[in-house]
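Hello again, notebook. Today I am going through a structure and jotting down what I looked up, one topic at a time.

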Amino acid sequence: MHMHKLEKVWLIIGVVTLIAFLSTVGYQAFASGHAPPSDLTKLDPEKVHETEPFDEPGLKQIGDNEYELVMVLESFGFTPHEIEIPQGATVKFIVTSVDVVHGFEIAGTRVNMMVTPGHVNSMTYKFNEKGEYLILCNEYCGVGHHMMSASLEVK
Amino acid sequence: MNKLDSRLSMAHFYIAFTAIAIGGLFGLLQTLVRSEMITLPSSLNYYQILTAHGVLMAIVFTTFFIFGFLYASVVRTTGELSCGKRRAAWIGFWMMTVGMVLGVIIIMLGEATVLYTFYAPLEAHPLFYIALALIIVGTYFGSFAIIKQYNDWRKQHKGEKSPLIVFMAVATLVLWLIATIGVVATVVLQFIPWSIGWVDEINIALSRTLFWYFGHPLVYFWLLPAYMAWYVIVPKIIGGKIFSDSLARLAFLLFILFSIPVGFHHQLLEPGISHEWKFIQVVLTFAVIIPSLMTAFALFATFEMRGRSLGGKGLFGWVKKLPWKDVRFLAPFMGMAIFIPAGAGGIINASNQMNQVVHNTIWVTGHFHLTIGATVALTFFGISYWLIPHLKGRVLTKQLNGLAIYQSVLWVVGMLIMSGAMHFSGLLGNPRRTQVTTYFDHSVATSWGAYETAMAVGGSLLFISLILYLTLMINLSFFAPKGQEEFPIGEEADESIQPPAILENWKVWIGIAFALILFAYTIPIIDIIQNAPPGSKGFKFW
């Protein structure tokens with residue numbers, strides 16, 4: 001197939017850029033541990049309240065300024081919905097849904113994950129800056145979806 | 001064009017225009033609600049009109065417009081449809097129309113406030129899913145008519161290359177047929193039995209995976225007809241030539257290969273799918289950049305060659321020679337120009353990590369209002385300005401052309417304001433698909449207000465532009481002066497070059513497409529089925 005010389009140059013530049021880009025993305029995912037949240041843990045969505053760790057949702061200290069925050073999402077709220085942590089804390093969020101699909105987002109950060117019933121999702125984030133953070137549901141979950149939020153204070 | 005086939009295309013356009021009229025009004029209402037300029041009457045729920053907006057714009061307007069355009073393109077280049085094919089096309093039209101009317105009624109009755117992505121376990125009335133199935137099965141009848149026309153043409157013209165626009169129409173439908181397997185499977189095998197009550201539970205991860213197997217190629221189903229106009233029609237409008245017939249065909253085939261086995265990039269933040277498989281699909285997603293770069297090169301090569309042949313000098317002198325005052329060129333050109341930032345936004349969305357900042361924020365809404373709402377819509381506007389008068393035996397007069405330019409420029413301005421505000425406030429975390437809220441006066445949420453106002457300004461300009469568009473369409477259908485408006489079909493720069501035969505060997509390309517799909521999906525889907533948690537019963541939270 002005939003291809004114009006300049007088009008070949010154009011495509012070669014494009015493909016090389018693409019390979020460089022995908023290598024960066026792959027390196028971040030596999031070598032730097034920045035893969036998107038992909039927890040494979042499963043549970044019965046009708047037995048969330050009896051299943052560990054969701055039988056006791058809340059904040060637990062697990063190390064030096066390291067915490068685990070277990071949260072249960074249901075239309076239209078988070079349990080717990082008011083959380084306080086010290087500045088510099090590293091928090092592992094562990095979440096699930098008892099009903100429909102929800103989203104777990106902390107506005108203005110990269111904390112963002114889908115929460116689907118029957119599955120547990122999780123990710124870790126370090127809070128370097130003080131402030132009132134807003135946790136919100138970013139997946140439509142019904143008529144009260146825009147009320148579904150929680151607050152996280154970093155002191 | 002013969003009366004019977006014109007009527008077929010026009011029937012599709014009338015439905016498309018009705019859909020964009022109602023859907024556009026609902027879009028305007030959403031921007032006004034979110035910016036706190038109005039409140040909806042208690043009989044209308046925000047999420048209900050959001051559902052209707054999505055279904056009417058993304059499913060009904062696009063699909064009907066595309067079929068109207070594909071029929072006209074095929075008839076223009078291969079002759080009229082036989083009675084049998086035309087009957088199949090009409091059966092398809094009526095199935096789609098019944099599906100659309102039924103779907104809209106169910107939504108307006110408040111029985112399906114599940115948004116147009118209908119994620120389980122929110123459970124709509126079974127008729128909503130049946131309506132969606134009718135629309136899709138209806139398209140199969142139309143696809144049959146067009147593909148049969150192509151096959152018959154090839155039998156009668158052995159050894160000749162098929163008309164480029166027909167090849168592209170068939171490629172678009174091949175993509176559509178392979179893609180809809182996913183949504184038909186989930187709707188027919190999962191949603192319908194579950195919503196009727198034959199089964200109690202639904203596998204959430206499976207339904208989402210099948211949906212997104214369809215959801216991404218769906219956007220290419222919208223885009224490829226726009227590409228048909230860019231590759232084949234725009235060169236003729238500017239008086240130039242198609243840069244390369246073979247490379248255009250190859251680009252369409254690559255879109256079939258690389259737009260389907262990639263749905264996981266919409267599910268990057270989901271549990272239950274390992275991040276290795278997500279990454280594999282991210283890599284396949286980005287392969288689509290190659291045919292996109294080929295398209296960009298071919299189009300700008302056509303423009304430059306034409307501009308230079310008209311005496312354009314220097315590096316960019318040819319730009320001035322292009323017919324900027326012809327809406328048939330200007331509208332699709334503005335669509336192409338917008339596709340450059342829109343495509344860059346798409347790259348961000350599909351990036352394994354950057355997605356985390358923008359996923360499910362209103363940035364994403366801003367993104368697809370640039371791609372489908374601007375790039376595709378502007379190209380479709382450009383097409384309709386000559387195609388409607390062509391089909392109705394009327395002409396686009398100079399005065400109407402002037403109004404049409406005004407309409408498309410206003411659309412661009414409105415969309416840039418609205419979509420720009422969506423992108424910026426999305427970066428601050430403003431979620432998509434959310435009724436106006438301050439989250440109990442949380443300081444983070446109150447800072448989004450100015451952007452919401454900008455969205456309403458953009459939305460209002462878009463609505464004014466839409467009214468002008470519909471007025472022009474009514475005028476071009478029933479009142480414009482009678483005459484012969486051209487259906488422009490471009491010719492190749494060098495007609496002597498025969499495309500390699502492999503480009504029309506569909507078995508090869510469909511075979512590779514399925515091989516890639518099986519590679520990208522088999523193991524994850526087996527895992528999703530075999531290691532599924534207990535399924536979900538339905539919820540009706542509206």
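**Entry 1: the interface.** I began with the two chains and found that 73 residues of chain B are in contact with 67 residues of chain A, contact meaning heavy atoms within 4.5 Å. This is a predicted model, where local features need pLDDT of at least 70, side-chain atom pairs count only at pLDDT 80 or more, and totals for chains, interfaces and linings use all residues. For my own bookkeeping, residues are numbered from 1 along each chain as its sequence is written, chains are lettered from A and ligands numbered from 1 in the order in which they are written, and side-chain values use heavy atoms, with hydrogens and water left out.

Next I looked up the area: chain B and chain A bury about 5,700 Å² between them, with 69% of it on carbon and sulfur atoms. Buried area here is the accessible area (1.4 Å probe) that two parts lose on being put together, summed over both. Pro271(B), Gln356(B) and Phe541(B) supply 11% of what chain B buries against chain A, more than any other three residues.

**Entry 2: salt bridges.** How many salt bridges are there between chain B and chain A? I found one, taking a salt bridge as a side-chain nitrogen of Lys or Arg within 4 Å of a carboxyl oxygen of Asp or Glu. Arg433(B) pairs with Glu139(A) in a salt bridge whose closest N and O atoms are 3.8 Å apart.

Over all chains, the count comes to 19 salt bridges. I also looked at Lys161(B) and Glu492(B), a salt bridge with its closest N and O atoms 3.0 Å apart. This pair links distant parts of the chain, 331 residues apart: Lys161(B) sits in the loop between H4 and H5 of chain B, and Glu492(B) in the loop between helix H15 (449-479) and H16 of chain B. Helices (H or I, at least four residues) and strands (E, at least two) are DSSP runs, numbered from the N terminus.

**Entry 3: helices around H16(B).** I took H5 (residues 164-196) and H16 (residues 506-530) of chain B; their axes come within 12 Å and cross at roughly 30 degrees. That makes H5(B) roughly parallel to H16(B). My cut-offs are under 35 degrees for roughly parallel, over 145 for roughly antiparallel, 65 to 115 for roughly perpendicular, and oblique for the rest. The axes are lines fitted to C-alpha atoms, for helices over the stretch in contact, and angles run from 0 to 180 degrees between N-to-C directions.

On the H5(B) side I see Phe167(B), Val170(B), Ala171(B), Val174(B), Ile178(B) and Ile181(B), meeting Trp506(B), Ile510(B), Ala513(B), Phe514(B) and Ile517(B) of H16(B). The residues of this contact divide into eleven nonpolar, no polar and no charged. Ala, Val, Leu, Ile, Met, Phe, Trp, Tyr, Cys and Pro count as nonpolar, Asp, Glu, Lys and Arg as charged, and the others, Gly among them, as polar.

Then I turned to H6 (residues 204-237) of chain B, whose axis comes within 10 Å of that of H16(B), crossing at roughly 165 degrees. H6(B) and H16(B) are therefore roughly antiparallel to each other. Among the residues that meet here are Trp212(B) in H6(B) and Tyr521(B) in H16(B).

**Entry 4: H6(B) and H12(B).** The axes of H6(B) and H12 (residues 362-392) of chain B come within 10 Å and cross at roughly 45 degrees. These two helices are therefore oblique to each other. Trp222(B) and Trp230(B) are among the H6(B) residues in the contact, and Phe380(B) and Trp386(B) among those of H12(B). The contact of H6(B) with H12(B) divides into 13 nonpolar, two polar and no charged.

Entry 5: Most residues other than glycine have a negative phi, and most peptide bonds are trans. I found a cis peptide bond joining Glu52(A) and Pro53(A), with omega about -5 degrees. Pro53(A) lies in the loop between helix H1 (5-30) and strand S1 (58-63) of chain A. The bond from Ala120(B) to Pro121(B) is cis as well, with omega near 5 degrees. Finally, Tyr439(B) has a positive phi, near 50 degrees, and is found in the loop between helix H13 (398-427) and helix H14 (443-446) of chain B.
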